[in-house]
Amino acid sequence: MAPHRDHARDVPAAGLTLRLLGPVAGALDDDEVDLGSPRQQAVLVMLATRAGRVVTMSQLIEGLWGEAPPASAEQSVYTYVAGLRRVLEPGRGRREPSTLLIGAAGGYRLQVDPGQVDSRVFAERLDAAGEAGRVGDHVAALRHLHQALALWRGPALSGVPGPFAERERARLEELRLTAAEDRADALIRLGRPQEALTGLQDLSRHHPFRERPRELLMLALYGCGRQAEALAVFEETRRLLSEELGVDPGDGLRRAHQLVLSGTGGDAVPAPPVPRQLPRDLIGFVGRADESARLKALLVPEGDGPPHPFVVISGPPGVGKSALAVHVAHMVKERFPGGQLYVNLRGGTPNVARLSSHDILSRLLRGIGTPDDAIPAEADEAAALWRSRLHDKRLLILLDDAADLTQVRPFLSAPFGTALLVTSRESLIAGDDCVQLQLGPLPDAEATAMLAGLAGAGRVSADLPEATRLVRLCDGLPLALRIAGARLASRPDWSVGALVRRLSDERGRLHELEAGELAVRSSLAASWNALNGSARPADRLAARMLALLGLLHVPDVTTEAASSLFDSSVPEAERALERLSDAHLLERGVPGRYHLHDLVRLFAGELTPAGERIAPLTRVLSYYVASARAAVEISDPHRVHSFRLRVEVPGRRFESPDAAYDWLTRNEPTLLAAASQAMADPDEVVARLGTEIVFAMMWYQQKAYRVADLISLGAQVMSVGDRLDDDGIRMHAHAHIGVGRYFKGSLAQAVHHAEQHLTLARRLGDRFNVQRAHGNLAATYAKWNQFDDVLRNALAQREIAREISSGVGERFALLMLGSAYEGLGRLTEAAAALAEAAAMARSAGDAMQEAHVCIKLGRVLLDLGELDRARALLEGALALAHDSKTKTAEVGCLVLLVRAHRLLGRLGEARERLSQAVSLASGMGSAYWLEQALHEQEALDMGIRSAPA
């Protein structure tokens, strides 16, 4: 008999670590593992928290769903456990029992050591700190507390659902707060109160009714000689507790108060008078953790080195530069014993003159105690006096809202030890020793948290989808969010959705984003007016460019498109775009591409008079039409749309088919957005240009399998055709929608649109489109297995294609004839028609069509039993499909290669091709091809099961 295994001491996964103090994560031998869905993570949390003990099925179900679990709860738990076993024991055999996640006594036990779970390590470190503190070893206690708090990476169990996770999250958070308080207590007891200040200030701000942080804050301030501030903390706390909770301070706070009072006239030495000019930090400040950490590292480097002398926070109007600067300044102020100075430079304040350099110097000199009559009248002399007064001082100077580098240049030569923190809408990176942080909009989660703090957490959490929409309508800009939050706070009868509906109308959005003196429009106008009223031609050029960019509602704009819009050379357009980018009214993307945030675009759209909009719009849309046509023609000269509206603006030139295809891929969102905007425009010329962009993109979108776009864009084209009563536009719209419906599998609708395409083509006498419509009908009937109709339409297409010398039409007709003969059981005739089509496509250099034909021929050869020939043909077709970027051909080829390899007994190769087919079909979102791949998988599984052992 095998020896009994002691499970309580054996740890089968010694390389496993689990991290719960933040987003739930795991690693095996330092390699991260995917722990699966949130509920699967929730199961792991319950097991890890009680590592080594059995967690019953009922406990798991209650911990996941509470008192109302679904009927499938138990089966779901089995699925989650199986998923965890796969990722945590990747080397375990299929039938080998788990030695890590063990089923026992009606539940499961996770067999890991407590040292492998960070929350358990955290608890151990807290216990050790408590034991050290009880015997008076505060150095050891502090060390254990540092180690414990260093384990945290964010809110515990982030994103993990269920009642157990909520309870555990609350328990761990309480322990974390206690640990932070104990660490501050240890620092104070060790005579290091200044190190405790920042943490205690943060704790007091974020947990205003928690008394112990305020008690410790009083003691820390008192220990730093700041007796008056310590007493002020007590008074603020007493007032807060009385007004909000109706209670008096507890014993700890009262003892601290008495201790501070008793120090009057005693050993406590008040700190020398220093300037404390920072504005109050926002109580509701949220987010910007990464940016705050970077700025703090610059202003308070490790060791005793001096702070970085010139740190800039730049960004667009309303992005929260000032709030972040004040927040960070408060975080680091204790490291600047010489004090903190603040001046608003008024660089972007509407209708208020900016401060001159002498004005700024005078305020700074007065801030450090210089009498008015001692301040020189000349700026140069004042700057020299300023520099001399800074020696041996460690000062933090916050200059808010600088207009440009010229305004702050006199302060850049301050001696080391002084830090200049500047905010500006402009880029100041050219300044000496400048480190610039460019601030962007808040991420959705941080913006939602900010909104909750302003409008009420319950109100926001009651409708999170609408809150997310509101955040995005505000572009994640803190100014816009502050206004939205203020409007909700002042209107308790409004839901979040009510404000969303008001902001959804672009025509009134900027008007809605006004509250008192706060307004997004005026903030943006200050930046634009500074450019438009500048004496520099480059600034005025940039102001004009912004006004024109507001006409175009696209994700981004290139320098070439902007030059067409602006009717200028590309270099001139680039200079204007770069100037707007430096002013943070435009955001740089990849080189040569620029992006307007929605609120800036709405503001810019107000700048151009209605009568001046058609000419620039026509120019840029013509550029898009010409460029898209050129790209499609070069990437595939065999499939070019026949419907042409003459455009005068030259398009982009391309060096190769690959370059053209890459351009189409990168610019597809912009082209389609421009097309949609244009087709909705009341001007006829603009609307027609929109349809031309759609027509130019049709073949690219077919090859890329853009099913939804083909249908939706076709519908928009149809609306233009109906509005203008233009049968030519309607004919192409039917073709567009029909192809989309064909791909989607809506075959009756596809036939309807193809028949309408045929009717209109005949009415217009358009022979090319008559044969094309017959081809589309043949393809649709082939998918519907109505092969007599396939044959009839294929013969009609071939006859017309030959008459008009359309090689591409004749080749497609032969492809459809092959499909018809195959479906009718006439395999030899099918192979002959397809071989003729393949030869014609190869001779014409039409890789896409050759791929489709060879795939069909390969299937016929498989049916004829010519397996090796079929496999070789399909391998070649796969390369053609891949090179021609034709996804439907590529996935169809892969499915047939699975069959070919299976019939040849090459099961490993079949499995490999099957995996590729399923992956591609899933990525395309094609239910049809996914179903075909799964049919082959069933056949492959049956073949493997019947194979000899």
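Is cysteine 474 buried or exposed? I looked, and cysteine 474 is buried, with a relative accessible area of 0% (buried means under 20%, exposed over 50%, partly exposed in between, with a 1.4 Å probe and protein chains only).

A note to myself on the ground rules: this is a predicted model, where local features need pLDDT of at least 70, side-chain atom pairs count only at pLDDT 80 or more, and totals for chains, interfaces and linings use all residues. Residues are numbered from 1 along each chain as its sequence is written, and side-chain values use heavy atoms, leaving out hydrogens and water.

**Cysteines.** I counted 0 disulfides, taking a disulfide as a pair of cysteine sulfur atoms within 2.5 Å. Cysteine 854 is buried too, at 3%. Its closest cysteine sulfur, in cysteine 893, is 8.8 Å away, too far for a bond.

**A helix pair.** Next I looked up H32 (residues 747-764) and H33 (residues 767-783); helices are DSSP runs of H or I, at least four residues, numbered from the N terminus. Their axes, lines fitted to C-alpha atoms over the stretch in contact, are 8 Å apart at an angle of about 165°, on a scale from 0 to 180 degrees between N-to-C directions. H32 and H33 are therefore roughly antiparallel, the word for angles over 145 degrees.

**Glutamine 40.** I found glutamine 40 in helix H1 (residues 38-49), and glutamine 40 is buried at 9%. Beyond its neighbours within four places in sequence, glutamine 40 is in contact (heavy atoms within 4.5 Å) with Leu35, Thr79, Tyr80, Gly83 and Leu84.

Methods. Helices (H or I, at least four residues) and strands (E, at least two) are DSSP runs, numbered from the N terminus. Angles under 35 degrees count as roughly parallel, over 145 as roughly antiparallel, 65 to 115 as roughly perpendicular and the rest as oblique.
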